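Please look over the sequence and the model shown below before reading the report that follows.

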Amino acid sequence: MKKKIVSAVLCLSMAAALLAGCGSSSSTTADTAEETTEAETEEEVAEEEAEAVEETEEVAEESEEAAEVTTVTEGVLTMGTNAAFPPYEYYDDADEIVGIDAEIAEALAEKLGLTLEIVDMDFSSIITSVQSGKIDVGIAGMTVTEDRLENVNFTDSYATGIQVIIVPEGSEITSVDDLSNEDILIGVQEGTTGHTYCSDDYGEDRVIAYTNGATAVQALLQGKVDCVVIDEQPALSYVEANEGLEILETEYVVEDYAIAVSKDNEALLDALNTALAELIEDGTVQSILDTYITAE
């Protein structure tokens, strides 16, 4: 009888030990899982904090770069242009200056954290205004030339321009070669590359310069000149708006447009080039061009 009691006691003791063992294992596993979760959470928090610090540093760096850019008027990017050059710059029905250059300038200003202000002026005054510090940039379908580079810096190119020849329908001028005729008078916009090229190629006495393209075209319609040499896109607008004119198929010259910046403002030049590269990369510039220039 005693043996049975002892056996029973031993059995109960072993069972208790087993239960105690199981309880200990479960607790350890839970503790381990809890510690793992805590470690993972701490790691995630650390990563988030590191990312936040990195973002803060990037913002601070961008702010520091922006602070290095100085403009004529604090917080404002002042753009000089000649608003008679559609579709690059012209007045809309609300008497606001719009166009390709205006929209690209607005996108650039936004990138630099600045407000855009556009000043309309004679094309021939833009370079001197940039050089003298009256405006920050000249954006007016402007081509980079050696003469202009003596006075200002230029950004990377953002568009390609083509100089073409406008003539009355039925004109005896049918190609660029015909401009060699000494009896032909050529109308141009003052201060443009068309003005320079024609003066160099055919002599200043055969070239009549007007303050803007529209005035040159009116002179053509009135018979004061025999043709007008001007950029293709405004030429298309002028021909569409004035019956009896056409554009010769042969191109006069192909060139690239860029933004004029003062030689004394390298920081602004660098900032504009960086912003321009981003706008070209993300398709913004091409989208603006496509809005105004329809593929033939």
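## Terms and basis

A residue is called buried when its relative accessible area is under 20%, exposed when that is over 50%, and partly exposed in between (1.4 Å probe, protein chains only). By that definition threonine 78, at 5% relative accessibility, counts as buried.

This is a predicted model, in which local features need pLDDT of at least 70 and side-chain atom pairs count only at pLDDT 80 or more, while totals for chains, interfaces and linings use all residues. Residues are numbered from 1 along each chain as its sequence is written, and side-chain values use heavy atoms, with hydrogens and water left out.

## The open sheet

Helices (H or I, at least four residues) and strands (E, at least two) are DSSP runs numbered from the N terminus, and two strands pair if DSSP finds at least two bridges between them. Five strands, in the order E5-E1-E6-E14-E7, form an open sheet of mixed pairing. Its edges are strand E5 (115–120) and strand E7 (152–154), each of which pairs on one side only.

Strand E14 (residues 260–262) and E7 pair in the antiparallel sense over three bridges, and alanine 260 in E14 is the bridge partner of phenylalanine 154.

## Threonine 78

Threonine 78 lies in strand E1. Leaving aside neighbours within four places in sequence, threonine 78 is in contact (heavy atoms within 4.5 Å) with Glu117, Val119, Lys134, Ile135, Asp136 and Val137.

## Helix H5

In helix H5 (residues 193–202), the residues Thr193, Gly194, Cys198, Ser199 and Tyr202 are buried, and their cover includes helix H4 (146–149) and strand E8 (159–168). Glycine 203, which follows H5, has a positive phi near 95°.
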